[in-house]
Amino acid sequence: AFDPKEKILVLTANEKTLKPQKDVLLNSCGFDVDEGRFLIKGCQDIPGFDAVAKGEAVPLDIVQPGIVKMTMEILKKEPLIQCILLECTELPPYADALRAATGLCVWDAITAADFYVNAYKDNPRFGLNDWQNEWDGVHDDYSFGQNLIEADRRELVNKIGTPAPKPKAKAKAKTKAMMQKIQRRIQKQQAPTLGIVRLDYNYPPSAGDIDYPGSFDYDVVYRVVPGLTFEMAQSGKMTYTVQKEFEAAIKYLEGKNVSGITGDCGFMMAFQPIARAIAKVPVFMSSMVQSPLISVAFDKYDQILILTANSATLGPQKETLLSHCGFDVDDNRFVIRGCQDVPGFEAVAKGEKVDVEYVTPGIVKMVAGILQTCPSIRAILLECTELPPYSDALRKEFDLPVFDVITCADFFISSRKDNPRFGLNQWQCDWDGTVEEYNFGQNLTAQERSRLLQG
């Protein structure tokens with residue numbers, strides 16, 4: 001999602017601990033601890049954080065300012081850092097403070113868990129509704145060793161018991177003042193916004209389509225690229241004039257303070273390097289950027305079904321997908337199928353409004369047939385930006401995780417959002433819940449609109 005020259009800060013409990021995991025991280029995550037792009041920094045010297053190694057309660061009000069201070073000092077020395085990844089599972093409580101203080105994307109164990117769980121969840125904004133029981137909002141208490149039989153509990157290294165209460169560390173006046181200073185400086189930031197680059201292609205989008213603003217529970221800003229046709233995107237090559245228009249669109253979206261940029265056609269993945277070279281925010285021009293995250297979560301013999309508008313269309317993008325998504329179209333682990341023969345789906349190719357209710361049974365029937373012949377499929381990834389309206393129906397029918405361009409956008413936007421469940425709160429404005437309508441060609445000047453191929 002970032003330019004190869006830009007860096008990623010990885011915060012861990014102790015920076016020496018990742019080295020022994022070098023082979024595992026490289027083979028399972030594609031993460032090379034020796035690569036200069038990743039700056040690994042431990043939190044072991046931050047006052048109060050030693051409680052992690054001791055197995056004691058961490059004094060958050062003492063540790064949080066220390067983590068923010070350390071990170072800001074690192075950013076001064078390393079201005080190419082564009083995002084932060086919290087490796088330690090005890091670091092998420094500080095994610096919001098880091099988002100607020102740095103303005104950067106911050107991912108952690110919680111955003112990772114949300115990514116996978118959301119692929120199973122009913123999306124209330126579109127698609128099939130009322131097929132899944134809502135969570136009751138009640139967290140069950142957990143006691144250490146729970147869900148183990150007695151024989152297994154006896155084998156625990158850390159024996160079950162009630163630890164003696166330890167005196168709670170008190171924050172010094174200087175620490176409290178630093179916390180208050182951080183909160184005053186950052187209140188209140190704009191709620192995250194998604195920027196979407198549009199083809200010069202006007203059609204009536206359905207709910208769930210990336211070009212339907214109501215598909216998201218945050219603000220979106222669209223910008224059409226005059227002259228960028230579907231055929232040009234499919235070829236993976238822009239003319240000089242259109243590329244300048246594309247670059248202008250990326251700059252326009254960044255000027256609107258968007259938190260991430262995507263495109264309304266998966267074939268724009270070919271233009272990912274151009275967009276990344278300009279943008280400072282993450283760029284994810286296709287839902288296919290999720291493929292490494294999905295594949296790493298399953299056994300190497302498990303398969304992943306890729307649904308696209310037309311099964312022949314990914315071939316020309318082979319090199320782009322491999323170099324920028326880590327996705328090999330020839331890898332038999334990925335089963336690629338097109339929806340071009342599903343009754344009613346031909347409206348996509350014609351640029352007409354799709355009758356989602358009519359098409360849904362055909363999509364489900366087609367996938368059922370695929371699963372019969374490929375029983376090793378464990379997940380579904382929808383490549384086409386007009387396929388998300390069918391995600392819920394597939395989740396309900398097959399009880400498989402379904403990833404699409406919406407789950408992709410949500411994952412990146414979540415790295416910039418205030419997590420209301422913990423950490424620093426009230427540092428970011430809430431989304432007002434208002435979905436602004438969009439008209440094709442909006443956000444273009446009159447001169448730019450005159451260059452549109454479609455009105």
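Strands are DSSP runs of E, at least two residues long, numbered from the N terminus. The model discussed here is predicted.

Q: In which strand does Cys83 lie?
A: The strand in question covers residues 81-86. Cys83 falls in this run, which is β3.

Q: Is Cys83 buried or exposed?
A: Buried means under 20% relative accessible area. Cys83 has a relative accessible area of 3%, so Cys83 is buried.

Q: Which residues is Cys83 in contact with, leaving aside its neighbours within four places in sequence?
A: Contact means heavy atoms within 4.5 Å. With the sequence neighbours left aside, the contacts of Cys83 are Phe2, Lys7, Ile8, Leu9, Leu104, Cys105 and Trp107.

Q: Which residues of the largest nonpolar core touch the most other members?
A: In soluble globular proteins, nonpolar side chains tend to be buried together. The largest nonpolar core here has 48 residues. Helix α16 (residues 405-414) gives the largest share of this core, seven residues. The members that touch the most others are Phe31, Leu194, Phe216 and Ile306.

Q: What is Phe216 in contact with, leaving aside its neighbours within four places in sequence?
A: Phe216 is one of the core residues that touch the most other members. Beyond its sequence neighbours, Phe216 meets Arg125, Leu194, Ile196, Ile210, Tyr222, Ile406, Ala409 and Trp431.

Q: How far apart are the end C-alpha atoms of helix α14?
A: Helix α14 runs over residues 356-373, which is 18 residues. At 1.5 Å a residue, α14 should span 26 Å. The distance between its end C-alpha atoms agrees with this, at 26 Å.

Q: What covers the buried residues of α14?
A: The buried residues of α14 are Val359, Thr360, Gly362, Ile363, Val364, Val367, Ile370 and Leu371. Their cover includes β8 (303-308), β9 (334-338), β10 (377-382) and α15 (391-398).

Q: Is Asn147 buried or exposed?
A: Asn147 sits in the loop between α5 (109-118) and α6 (150-154). Its phi is near 75°, a positive value in a residue other than glycine. Exposed means over 50% relative accessible area. Asn147 has 69% relative accessibility, so Asn147 is exposed.

Q: What is the relative accessible area of Asp399?
A: Asp399 is placed in the loop between α15 and β11 (402-403). Phi of Asp399 is near 55°, a positive value in a residue other than glycine. Asp399 is exposed, with a relative accessible area of 59%.

Q: How many residues in the lining of the largest cavity are charged?
A: The largest cavity has a volume of about 50 Å³. Its lining includes Asp209, Glu352, Lys353 and Glu386. The lining divides into seven nonpolar residues, one polar and, as the charged part, four.

Terms used:
Residues numbered from 1 in each chain as written. Predicted model: local features only at pLDDT ≥ 70, side-chain atom pairs only at ≥ 80, totals over all residues. Heavy atoms only, no water. 1 Å grid on protein atoms, 1.4 Å probe; cavity = no way out; pocket = protein on both sides within 12 Å on 5 of 7 lines; lining within 4 Å. Points joined across faces, edges and corners; volume = space filled by probe spheres on them. Nonpolar A, V, L, I, M, F, W, Y, C, P; charged D, E, K, R; others polar. Core = buried A, V, L, I, M, F, W, Y, C linked by side-chain atoms within 4.5 Å. Buried < 20%, exposed > 50% of the residue type's maximum accessible area, 1.4 Å probe, protein only. Helix = DSSP H or I, 4+ residues; strand = E, 2+ residues; numbered from the N terminus. Expected span 1.5 Å × (residues − 1).
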